[in-house]
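I am keeping these notes while going through a structure entry by entry. Each entry says what I looked up and what I found.

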Amino acid sequence: VFAQHVNGSALHLSVDYDTLSPLALDLPVVLGPLLSVRRLTLEDSTQHADLPVNARPPIDAVRAAQRLREAAVLRGISSEIAQGLHRLADAYDSLQAFPHLAAQTLAVLDRLRRPYVGPIDNRPASTIVTPRFIERLLADPLGCARCYNRAVSAFPQAGITPLHVSRDIVEAPLWAQQPQGQRERVYIDLADSRSPQLFTFAQGFDLTSPDALQVLRPRAISLSALMRSEHCDLFIHGRGGGIYDQVTEHWWHSWTGEALAPMAIVSADVLLDFDVPTATRDQLAQAVWFSHHLPHNVDRYTQTTDDAEAALRDEKHNLLAHMDDDRAKRRRSAAFQRLHAINHELTSRHRDKVVAARRAADAAQVAVSNADLASRRDWCFTLCSDQAMNELTQLIRQSMPLAGLAHHDQP
């Protein structure tokens, strides 16, 4: 939407060598007052589960679509979620053959998002390492790694692991991917200071050949650095990327002295609608406290016309009023025992209120769990209604004049 607004072109960067599986789908399930999660897996086999998605074979699309349609009629699946599952199943229908799971998944996602954003070009992240970047890296491996590690230390909240640096070996911010798919860390041999060489500790890699570029993959920080230095004019992150890209900017500027293309952080809360009770943690704490408090203080929250019960209440108040008249252990012990007996009797007379308080505490625990799940922002977007997605698209369009980045004469 923004690319259209500035007369530019949008590019979707697909991290096709990621090891996270795209075949597990969390579904919200409502059974009575309880909201829970059921995980649907589109493939039974775990044979290739530890491989990057561009090294895994595509799944049986017909079987995947069947599973999605079967899930749509499961108990606890709302009509809105069922519609989303059917949309996802339709996206798996009549797919062409693909070389690997990454390409197949990208095609499915493209079908799902096209009604809202139109066609978008895709670029596999495995193709963005350039000879220029490798030349720059080999020209100053120590400077690269030291600046990288200082940037990592400056932003510990990003959770980025520092690179290994020793006298003869420096770790590069790259992966090397074997033909079988496994990723290996890449290092630079400094033994010959005039000609540093890339290598891995795994067998089967020759990173000194001209074809080495074909197996090199950027890691998170170098991925955004490469995109913002060589491949785009604006890079759009979500919240998580916005955090770790602070490391990117610090590293790149201190190492190269150059500025990167600007980046933006864009995020939207489109929440699914669930007809379940919700509560805050403060409300839960209050309900739990009251369920423990009430059995010892029933007389404060009930009324009575029964003379025997009224006598018990008066006796309790009198015991409490004189509890600290002296420090006589025997008298005080007897008074405490009598208070417990009176509370037990009063509780038995108002068992319904005590049970109701305990049930309210249990219900609050369920309601807090519901609230946590209802506030999740990472459900698959196809589970959102068409109305919600169209409203989001319209909201983005309306916000474009506020972005301050509209330069229609710029590509």
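**Entry: a serine in a loop**

Does Ser-94 count as buried or exposed? I looked up its relative accessibility, which is 72%, so Ser-94 counts as exposed. The model I am reading is a predicted one. I placed Ser-94 in the loop between α3 (79–92) and α4 (101–117). I then checked its backbone and noted a positive phi of about 55°, although Ser-94 is not a glycine. For context, most residues other than glycine have a negative phi.

**Entry: the second largest pocket**

The largest share comes from α7, with 3 residues. Sorted by class, I have 10 nonpolar, 1 polar and 4 charged residues in the lining of the second largest pocket.

**Entry: two arginines and a tryptophan**

What sits over the ring of Trp-175? I found the charged end of Arg-183 there, 4.3 Å from the ring centre. I also found Arg-219 over the face of Trp-175, at 5.1 Å from the ring centre.

Arg-183 is in strand β6. Its relative accessible area is 26%, so I list Arg-183 as partly exposed. I also looked at Arg-183 against Tyr-17: the two are 166 residues apart in sequence, yet their C-alpha atoms are 8.4 Å apart in space.

**Entry: the cavity search**

How many cavities of 30 Å³ or more does a search of the whole structure find? I got 1. I noted about 40 Å³ of space in the largest cavity. Its lining is made up of Glu-43, Ser-45, Thr-46, Gln-47, His-48, Arg-56 and Pro-57. By class I have 1 nonpolar, 4 polar and 2 charged residues around the largest cavity.

**Entry: aromatic pairs**

I searched the whole structure for aromatic pairs and got 11. I wrote up two of them.

The pair of Phe-133 and Trp-252 is stacked, with 6.5 Å from centre to centre and 15° between the planes. Phe-133 belongs to helix α5 (residues 131–139) and Trp-252 to helix α8 (residues 239–256), so this pair ties together parts that are 119 residues apart in sequence. I checked burial for the two residues: Phe-133 and Trp-252 are both buried.

The pair of Tyr-187 and Phe-201 has ring centres 5.0 Å apart and planes at 65°, so I record it as edge-to-face. Tyr-187 lies in strand β6, and Phe-201 in the loop between β7 (197–199) and β8 (216–218), so the parts tied together are 14 residues apart in sequence. Tyr-187 has 12% relative accessibility and therefore counts as buried. Phe-201, in contrast, is exposed, because its relative accessible area is 58%.

I also looked for clustering. Phe-133, Tyr-148, Trp-251, Trp-252 and Trp-255 form one aromatic cluster.

**Entry: cysteines**

How many disulfides does the count come to? I got 0. Cys-144 is in no disulfide, and the nearest cysteine sulfur, that of Cys-147, is 7.8 Å away. The cut-off for a disulfide is 2.5 Å between sulfur atoms. Cys-144 is buried, as its relative accessible area is 1%. For Cys-232 the closest cysteine sulfur is in Cys-144, and because it is 19 Å away, that is too far for a bond.

**Entry: a histidine between two helices**

Where is His-322 found? I located His-322 in the loop between α11 (307–321) and α12 (329–349). With a relative accessible area of 37%, His-322 is partly exposed. I checked His-322 against Ala-335: they are 13 residues apart in sequence and 9.4 Å apart in space, C-alpha to C-alpha.

Conventions
Residues are numbered from 1 along each chain as its sequence is written. This is a predicted model: local features need pLDDT of at least 70, side-chain atom pairs count only at pLDDT 80 or more; totals for chains, interfaces and linings use all residues. Side-chain values use heavy atoms; hydrogens and water are left out. Helices (H or I, at least four residues) and strands (E, at least two) are DSSP runs, numbered from the N terminus. Ala, Val, Leu, Ile, Met, Phe, Trp, Tyr, Cys and Pro count as nonpolar, Asp, Glu, Lys and Arg as charged, and the others, Gly among them, as polar. On a 1 Å grid over the protein atoms alone, a cavity is a set of points where a 1.4 Å probe fits but cannot get out, and a pocket is an open set with protein on both sides within 12 Å along at least five of seven lines; lining residues have an atom within 4 Å of a point. Grid points are joined across faces, edges and corners, and a volume is the space filled by probe spheres set on the points. Rings of Phe, Tyr and Trp (its six-membered ring) pair if their centres lie within 6.5 Å; planes under 30 degrees apart count as stacked, over 60 as edge-to-face and the rest as tilted. Buried means under 20% relative accessible area, exposed over 50%, partly exposed in between (1.4 Å probe, protein chains only). A charge sits over a ring if NZ of Lys or CZ of Arg is within 6 Å of the ring centre and within 35 degrees of the ring normal.
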